[in-house]
Amino acid sequence: MLGFRLTPEQLEIQKWAREFALREILPVAWYYDTVDETPLPVLRKAWQEGIMNADLPREYGGRGCGLVENVLITEELAAACAGLATTIFDNSLGMEPLRLSTNTELQKKYFTEIARNFKLICFATSEPTMGSDISGIRCLARRDGNDYILNGTKYWITNGGLADYMSVFATTDPLKKHDGICAFIVEKGWPGVSIGRRIPKLGQRGSNTVGIQFKDVRIPKENVLAPPGEGFVLAMKTFARTRPAIGAFAVGAARSAMEFAIDYARRRQAFGTAIANFQAIQHKIADMYQKVETARLLVWKAAWEADQDMDPTIAASISKLYASEIALEVANEALQVFAGYGYTKMFPIEKIQRDCRLFRIYEGTSEVQRIILSGFALGAYKPAMPPIEDLPIHLDRDSVNLESGSAAWRCRICGHVHYGGEPPDECPYCFYPKSAFKKV
Ligand SMILES: Cc1cc2nc3c(=O)[nH]c(=O)nc-3n(C[C@H](O)[C@H](O)[C@H](O)COP(=O)(O)OP(=O)(O)OC[C@H]3O[C@@H](n4cnc5c(N)ncnc54)[C@H](O)[C@@H]3O)c2cc1C
């Protein structure tokens, strides 16, 4: 059964998130972008009102939202500011490996803290020399009795400068690649943890991005999220559940760019009329609208699959890839509608376009999503069509109803179909011998 109507509860959540975004985020978004700071008061408000951690399980004091509700919330936040949406959502990303792990004691300890107190948790796979290839992690976790000793550097870590806790992926042996990857919860206050300077960025400047260094950090065995060999799968399962939210960020940002462009096109006059009356502008708006709508459907489908306990990996990749690419296109065309004013910092599109550029990079680049999707299409995907060499392409009308005793023989090289009891000795088109023919 298919259904595209949101429930009354989901509509309420969407309204609640939209009100929060318009009240708390939109008025300050450009200021924090300009000064390149992350507003802790806004994060605290998001925590107090339950916008942050909306997916925290109920048994630990959270709201227990599913992914569909989460993408409704993140679209609204990103419509106001993609950078602040990223920083607010980052707790869900940081919590996801813990939620997926089987370490219930660890869940109880940290989820309860996160629900009761204003605690931030970040997610760290990337390093200065590696982002896409997670099997190439170098951050080293050495066994010491029951504990692990962590040494290495993580880079690009969203909220790394603010977070109290970190979901850190490391390796017990870089040569073991996937089989060496493990994961831990690390606390910022532990000896040996150092936070680097805030990294200056093109866009999403309201989000905090830093490097984190670990020097002989002792991790007790209780804080193991995934033992060696299980960390890589944990990271992939995490992304399959968080990529739809990145798609939702992109939908939200693109939607705002489109809405601002529509508003401007109605007001701006040229050649004695509103530019909205020109077909060239109308077509831009049509393209923007269909892209935003299509991307949202893909995001909702991926989130829905995850909520149904299906494996959302492929739908998540499609939604992240498509939404992040159209967001940049929509922002670019919106800027064209604004023309000169769009290029200035006094109008909203310039920031939206800078913010949108990141969607194609974090949580798996567009290239990585295409690797995942082509791997699926060329591998596990089950086609409905028969293999080409079995295709019964009858070009000869009389031969469609083959007389008994006769058969169709298809040349596997050039596709010629021969009718008769036997294949010909040689193909009359490509000259391949009888053995090239297959009965179809
Ligand atoms: C603002 C920001 C916030 C971030 N937040 C976090 C965070 O919170 N936690 C975290 O762990 N990481 C975070 N990241 C890191 C992000 O996930 C990585 O930047 C991303 O995965 C790409 O890695 P990379 O930059 O090292 O590029 P690389 O992996 O070095 O790739 C460089 C280029 O090569 C392409 N490429 C790589 N491998 C292949 C291949 N096999 N085939 C084809 N093309 C390929 C890539 O697509 C890319 O175009 C963040 C990054 C940014 C910029």
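Helices here are DSSP runs of H or I with at least four residues, and strands are E runs of at least two, both numbered from the N terminus. Counted that way, the protein has 10 helices and 13 strands. What you are looking at is a predicted model, in which local features need pLDDT of at least 70 and side-chain atom pairs count only at pLDDT 80 or more, while totals for chains, interfaces and linings use all residues. Residue numbers start from 1 along each chain as its sequence is written.

Let us begin with the overall layout. The protein is divided into domain 1 (8-119), domain 2 (122-231), domain 3 (232-378) and domain 4 (388-439), with bounds that come from an automatic or database domain assignment. Between the centres of domain 3 and domain 4, taken over C-alpha atoms, there are 49 Å. Along the principal axes, the C-alpha atoms fill a box of roughly 80 × 80 × 40 Å. A residue is called buried if 20 or more other C-beta atoms, placed from the backbone, lie within 10 Å of its own, exposed if 12 or fewer do, and partly exposed in between. By this count, 46% of the 440 residues are buried. Two residues are in contact if their C-beta atoms, placed from the backbone, lie within 7 Å. Of the contacts with a separation of 6 or more, 71% link residues 24 or more positions apart.

Now turn to the ligand. Its shell has 23 residues, the closest being Ser 126, Gly 131, Ser 132, Thr 365 and Glu 367; a residue is near the ligand if its C-beta atom, placed from the backbone, lies within 6 Å of it. The elements giving two or more residues to this shell are β1 (121-124), β3 (147-158) and α10 (366-378). Domain 2 and domain 3 each supply at least three of the shell residues. By class, the shell holds 11 nonpolar, 9 polar and 3 charged residues, where Ala, Val, Leu, Ile, Met, Phe, Trp, Tyr, Cys and Pro count as nonpolar, Asp, Glu, Lys and Arg as charged, and the others, Gly among them, as polar.

Trp 156, in strand β3, has a positive phi of about 65° although it is not a glycine. Because Trp 156 has 19 C-beta neighbours inside 10 Å, it counts as partly exposed. Glu 363, in the loop between α9 (349-356) and α10, also is not a glycine and has a positive phi of about 55°. Glu 363 is buried, because 24 other C-beta atoms lie within 10 Å.

Next comes the packing. A nonpolar core is a set of buried Ala, Val, Leu, Ile, Met, Phe, Trp, Tyr and Cys residues joined through C-beta atoms within 7 Å. The largest one has 120 residues, and those touching the most other members include Ala 253, Ala 257 and Ala 331. Helix α6 (residues 231-267) gives the most to this core, with 19 residues. A second, separate core of 6 residues includes Trp 409, Cys 427, Ala 436 and Phe 437.

Helix α8 (residues 313-338) contains Leu 328, which is buried because it has 22 C-beta neighbours inside 10 Å. Beyond its neighbours within four places in sequence, Leu 328 is in contact with Cys 356, Arg 357 and Arg 360.

Finally, strands β11 (residues 407-411) and β12 (residues 417-420) run antiparallel and are joined by 4 bridges; strands pair if DSSP finds at least two bridges between them. Arg 410 stands opposite Val 417 in β12.
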